[in-house]
Amino acid sequence: MTPFYLDLLRLVAFLHIVAIAAGQQNTTDICQEVASQLPGRISYPADPVYISSRQSYYSGFERILAPGCIFRPINTAEVSQFIKLVTAGSQYRNTSQSPKFAVRGGGHTLFSGAANIDGGVTIDLREIKSLVLSQDRKVAAIGGGAVWSNIYPQLVPYNLTVMGGRVPGVGVGGFATGGGVNFLNQRHGWSCDNIYGYEVVLASGEIVYATANSYKDLWLSLKGGSNNFGIVTRFDVATFSQGLMWGGVIRFNYTKSVLDAQAQAFRNYMDPKNFDSAADMGIILGFANNTFSVANSLFYVDPVVNPKTYQAFTSIPSLSPNTLALTNVSNMVVQFGKNLPPTVPRSVQLVYSFKNSDVATYTKLIQQWETDIKTLGNIPGIISQFLIQPQPVTNGTNSLGLEANQHDVVMSIVTAAWSNAADDAVVQQRIAAIVDKHERLVRKQRLYNPFKYLNYADISQDVIGSYGMNNKRRLRAVSRKYDPKGLFQTSVPGGFKVWK
């Protein structure tokens, strides 16, 4: 190798070290600057507030990340001030050199870097958590850092609900900007279909209010476009009358006869002629301790015990006890959450969609998952779920690229969690292989739907591309319009980006 190339390699290595050092210095500078201008809002690694925030993520992949500091604003003005500080200095005019940061709400996403960052700044929005009802109680203004399971109890006295998460701990912000699967999704669609307005801090630090009448392009882009356009600090969402609902979880023995009955019942349930807008359910197939399990989650938003639409499932011989009961939305979320671990160590989840099929196809999907997941039985701490459920019936008011009023689309999720970093590659590859085999099966039958639901997707999946090329182009145009320097593309590296 010639001296010239040796010198060139040394220069490249030196510049890489300089870039890392500059990034660390930029983070230190911005942490100190924010701390001086907004006292009490910055915490550092030794602080109890920092430790508590970091430990509260659902996934171990997020908990192991260590930001240089955590910023906890209490209102929109403070978020705006932070963004202006990040972009104001001459050294940050190129966003590729500005301090890197993450935006965190509930912190429920599984993959690394979704809402936390190593060495940068994490904005923890959870103090922006207010709930204000309009005078006619038809609109709820909810803080961008609120958690749905904390919002529901406040609405129970009014016999109202909103279209939020179905398990405890899910944040409003990431959930709503990613779509939002909810109890009412067969009747009213995705959560994002029913958001009237967004208070947003743009890349300039400007605060705007996006609705169908003002900043309409931004309003529509936030319905599925995630963290690409700004930081949403308030969601004005539709409320719905809601007293008691019926539902819970019912478990069965994992036998061929039960699985055959489940496949038949679900195939009939998904037939459009049997559509019931009050119903939303799932088949939950599990694997833990080298043992398989099967259960149904059944939800019915009208106060009807064991409605007809579910009787093909509830008539299958089941295990006792079950949790099926009449209760309010708040209690239903708490009870359903008991079926999930409070946190997971290392985890992966992939999603795919397809049109309702015949019983044989559902049986093949289950058998393929069962065959392949058994090969991971020696992995310490391994658990897996294969969830088969209806896709929300959208009214079309979003950027997801879905046809409105479709009643026969299925959304499936394959998830795994395990204990040790040494097993990351083998588990992730196996779960991806299972989903690949499933997709090939439904493609072969011409049932495949390319849509990937953002909040169930892994970072390896092309979520934005799954919305269709026209929607992707439109989202990119909106990104360029409101964030011309690409702050939320380069300085906020986490999540699904419209320019990738």
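Tutor: Helices are DSSP runs of H or I with at least four residues, strands are DSSP runs of E with at least two, and both are numbered from the N terminus. This is a predicted model, in which local features need pLDDT of at least 70 and side-chain atom pairs count only at pLDDT 80 or more, while totals for chains, interfaces and linings use all residues. Residues are numbered from 1 along each chain as its sequence is written, and side-chain values use heavy atoms, with hydrogens and water left out.

Student: How do you know what helix α9 should span, and what do its end C-alpha atoms say?

Tutor: Helix α9 (residues 256–269) has 14 residues, so at 1.5 Å a residue it should span 20 Å. Its end C-alpha atoms are 20 Å apart, so the two agree.

Student: And what about α13?

Tutor: With 21 residues, α13 should span 30 Å, and its end C-alpha atoms are 30 Å apart, so that agrees as well.

Student: Which residues of α13 are buried, and what puts them on the same side?

Tutor: Buried means under 20% relative accessible area, exposed over 50%, and partly exposed in between (1.4 Å probe, protein chains only). In α13 the buried set is D424, V427, I431, I434, V435, H438, E439, L441 and V442. They cover an arc of only 160 degrees around the axis, so they sit on the same side of α13; the arc is taken over the directions from the helix axis to the C-beta atoms. The face turned away carries exposed Q429 and K444.

Student: What do those buried residues of α13 pack against?

Tutor: Contact means heavy atoms within 4.5 Å. The partners include α12 (359–373), β16 (346–355) and β17 (383–390).

Student: Why is D124 with R126 called a salt bridge?

Tutor: The term asks for a side-chain nitrogen of Lys or Arg within 4 Å of a carboxyl oxygen of Asp or Glu. Here the N to O distance is 2.8 Å, so the pair qualifies. D124 is buried at 0% relative accessible area, whereas R126 is partly exposed at 21%. The two also belong to a salt-bridge network with R72 and E127. There are 17 salt bridges in the structure.

Student: What makes E199 and R234 another one?

Tutor: Their closest N and O atoms are 3.5 Å apart. E199 sits in strand β8 (residues 195–201) and R234 in strand β10 (residues 231–238), so the pair ties together parts 35 residues apart in sequence. E199 counts as buried at 18%, while R234, at 26%, is partly exposed.

Student: How far apart along helix α13 are D436 and R440?

Tutor: Four residues, so about one helical turn within α13 (residues 424–444).

Student: How many bridges join β12 and β14?

Tutor: Seven, in the antiparallel sense, between β12 (residues 245–252) and β14 (residues 291–300). In β14, N296 is the bridge partner of I250.

Notes. The expected span of a helix is 1.5 Å times one less than its number of residues. Two strands pair if DSSP finds at least two bridges between them.
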